[in-house]
Amino acid sequence: MISGKLKILEHALLSMGRRKQKNFAIIAVYTLTVATLASILFLTQSLRTEARNVLLDAPDLVVQRLAAGRHDLIPNHYAEKIGQLPGVGNVTPRIWGYYYDSLKKVNFTLMGIGPKERDLQLFSGELPKTAKQCALGNGIAKAYGVELGDSLVLVDSQNRTLLYEITGLFDHQSNLLTNDLILLTEPELRRFFNLPADRATDLAVQVYNQREIATLAKKIKYELPDTRPVGKTEILHTYDTVFNWRSGIMLTVFVSALIAFCILAWDKATGISAEEKREIGILKAIGWDTTDVLMLKFWEGLAVSLSSFLLGSSIAYLHIYFYGASVLTPVIQGWSVLFPEFQLTPAIDLYQIFVLAILTIVPYIACTVIPSWKSAITDPDSVMRS
Amino acid sequence: MAALIQTEALCKIYNRQRPDEVQALSEIDFTIEQGEVAVLKGPSGSGKTSLLSLIGGMTRPTSGSILLSGNDIAKLPERFLAGIRRKSFGFIFQQFNLLRDLSVRDNILLPLYPTELKTAEMQKRAGEILESLDLASKQKMKVRQLSGGEQQRAAIARALINRPQIIIADEPSAHLDSKLTEELLAILTRLKTEGKTIIIATHDPSIYQHELIDRSYLMHDGSLVEAEQL
């Protein structure tokens with residue numbers, strides 16, 4: 001039984017070879033459709049994974065101060081008050097801010113590193129130790145064309161041009177958040193932004209029991225009404241929502257394209273040519289039954305759709321992970337105009353691949369088999385009269 | 001001797017109960033025994049092809065029965081009919097009905113794809129038949145590159161690859177000149193000596209008057225008007 005089916009597969013491949021141009025054209029269009037869909041899925045998944053990877057080491061709670069509804073500097077003594085709440089571990093004041101380079105037209109994040117944060121992960125090289133040293137994300141290094149040991153020129157809040165020696169670079173695994181990051185020592189950063197010594201940008205709060213994060217956030221808000229505590233899960237949720245929304249829009253557009261292609265394929269297939277009808281009649285006359293003919297058409301459909309799926313997925317993989325998603329990045333990332341380009345780390349969800357395979361292979365096979373079924377169930381008698 | 005094929009009161013109406021209804025066959029009683037060669041004569045439209053289609057299990061009769069080795073195949077489901085077509089019959093069509101873009105060898109192998117036969121055995125059989133019909137040198141050529149006589153031989157090879165008991169040939173000399181018709185007759189004579197049962201529909205005298213014919217039926221307007229055992 002199995003050998004019979006495999007021999008029909010052999011004939012299907014042989015048979016497809018007779019219509020090389022037609023099949024090549026279908027595979028090319030279908031591959032392009034699959035590549036687009038797969039690119040959207042790969043890119044969204046990678047961005048989400050990037051966010052999750054980085055946030056694994058992020059503080060459980062970040063406490064900001066609001067003044068007139070806007071983010072303001074937070075007094076350092078708030079850290080002591082929060083630290084006294086039961087269930088709270090370390091509370092670390094953080095110093096950071098944005099830096100816009102009008103020449104490159106990109107926005108960077110500058111962060112101060114204190115003596116307590118010297119165990120920062122995902123890092124290669126050395127963290128800055130002196131006021132004249134800095135560490136960079138990959139995107140910035142690329143944007144300026146600098147390497148370890150080179151110098152970086154920045155203009156501070158007093159409009160003074162300063163030179164920093166690059167002592168370290170972040171690796172690819174934390175691209176999403178470190179890509180645009182410049183690390184300076186904390187005193188240097190305070191001086192750079194002209195920040196008062198008793199204030200910080202926000203507070204990083206460690207919570208012993210992860211289930212108590214939401215409760216502690218409420219307590220902090222109660223104790224310090226002018227603050228806004230933000231949980232790690234909320235940040236993750238925001239990333240997911242943003243990427244899902246963007247990829248959702250893209251998927252809607254391209255699923256529409258896929259449906260249009262299926263309708264076209266269906267239209268073409270239902271208009272099964274007289275030659276193909278004749279062939280089905282001949283096969284039936286010489287002893288093929290309806291199942292054999294449908295099996296032949298199934299293999300033909302599978303060969304085209306599976307080739308397109310594999311090719312399209314491979315192209316999408318190359319596009320996203322080797323060519324930096326150059327076609328889709330502006331749409332999915334949205335805010336990327338303010339970010340330097342960065343290399344995504346491969347992250348593939350097998351469930352998504354499975355769904356993509358089902359969505360691309362099954363409709364095409366149906367488009368191939370169903371119209372042939374109409375011809376296959378008719379008597380081969382007509383062949384005798386052709 | 002018991003009849004290999006016997007039809008009883010066989011009727012076929014196409015497009016039944018529609019304005020274009022056609023009575024193709026009416027009350028046909030046809031018999032052929034194992035190893036015989038029968039010829040169906042008659043003008044175009046007399047019902048020869050319809051009778052061959054019914055006997056070969058390509059369509060179903062409107063009424064009547066078709067007994068193959070004593071078993072009525074007229075009402076069998078399609079999948080059984082396909083099996084019978086594959087195992088018991090070899091068809092030689094008037095228009096050859098080969099797949100023009102496939103090679104001769106691939107065309108010949110077509111009836112064997114749905115079988116359980118191993119590929120090596122399939123290739124062996126194809127090689128033997130190609131040799132016996134003098135097509136070995138043409139086996140890799142596409143069918144469209146063959147002459148009419150070669151296409152006819154390729155069609156015969158395809159009909160024989162399943163080693164069927166019965167050969168059905170519909171106007172086999174329609175596209176052949178007299179020399180090629182002689183070649184065809186020589187092949188049919190050889191098949192007869194090998195014990196094959198052959199049913200030929202033709203209005204070519206060089207065939208129906210040939211000495212290999214054992215039975216002759218004359219058809220007219222869907223009826224058998226004359227049956228003769230030679």
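Which backbone nitrogen lies 3.0 Å from a polar atom of the side chain of Asp289(A)? In this predicted model, the backbone nitrogen of Asp292(A) is found at that distance from a polar atom of the Asp289(A) side chain. The backbone nitrogen of Thr291(A) likewise lies 3.0 Å from a polar atom of the side chain of Asp289(A). Asp289(A) itself is placed in the loop that joins α9 (274-285) to α10 (290-321) of chain A.

When neighbours within four places in sequence are left aside, Asp289(A) is in contact with Glu78(B), Arg79(B) and Ala82(B).

In total, 2 salt bridges are counted between chain A and chain B. Polar contacts across the interface of the two chains amount to 8 residue pairs, both residues of each pair being at pLDDT 80 or more. On the side of chain A that touches chain B, two or more residues are given by each of α1 (2-17), α9, α10 and α13 (381-385) of chain A. The largest share of that side comes from α1(A), with 7 residues. Classified by residue type, the side of chain A that touches chain B comprises 11 nonpolar, 6 polar and 11 charged residues.

The extent of the interface can be described in two ways. In terms of contacts, 28 residues of chain A meet 35 residues of chain B. The size of an interface is often expressed as the accessible area lost when the parts come together. The area buried between chain A and chain B is about 2,900 Å², and carbon and sulfur atoms give 56% of this area.

Backbone geometry was also examined in chain B. Most residues other than glycine have a negative phi. Asn15(B), which is not a glycine, has a positive phi near 50°. Asn15(B) lies in the loop between β1 (3-14) and β2 (22-33) of chain B and counts as partly exposed because its relative accessibility is 30%. Gln17(B), found in the loop between β1 and β2 of chain B, has a positive phi of about 60°. Gln17(B) is exposed, with a relative accessible area of 74%.

Methods
Residues numbered from 1 in each chain as written. Chains lettered and ligands numbered in written order. Predicted model: local features only at pLDDT ≥ 70, side-chain atom pairs only at ≥ 80, totals over all residues. Heavy atoms only, no water. Helix = DSSP H or I, 4+ residues; strand = E, 2+ residues; numbered from the N terminus. Polar contact = N/O pair within 3.5 Å; in protein donor to acceptor, adjacent residues only side chain to side chain. Contact = heavy atoms within 4.5 Å. Buried < 20%, exposed > 50% of the residue type's maximum accessible area, 1.4 Å probe, protein only. Buried area = accessible area lost by both parts, 1.4 Å probe. Salt bridge = Lys/Arg side-chain N within 4 Å of Asp/Glu carboxyl O. Nonpolar A, V, L, I, M, F, W, Y, C, P; charged D, E, K, R; others polar.
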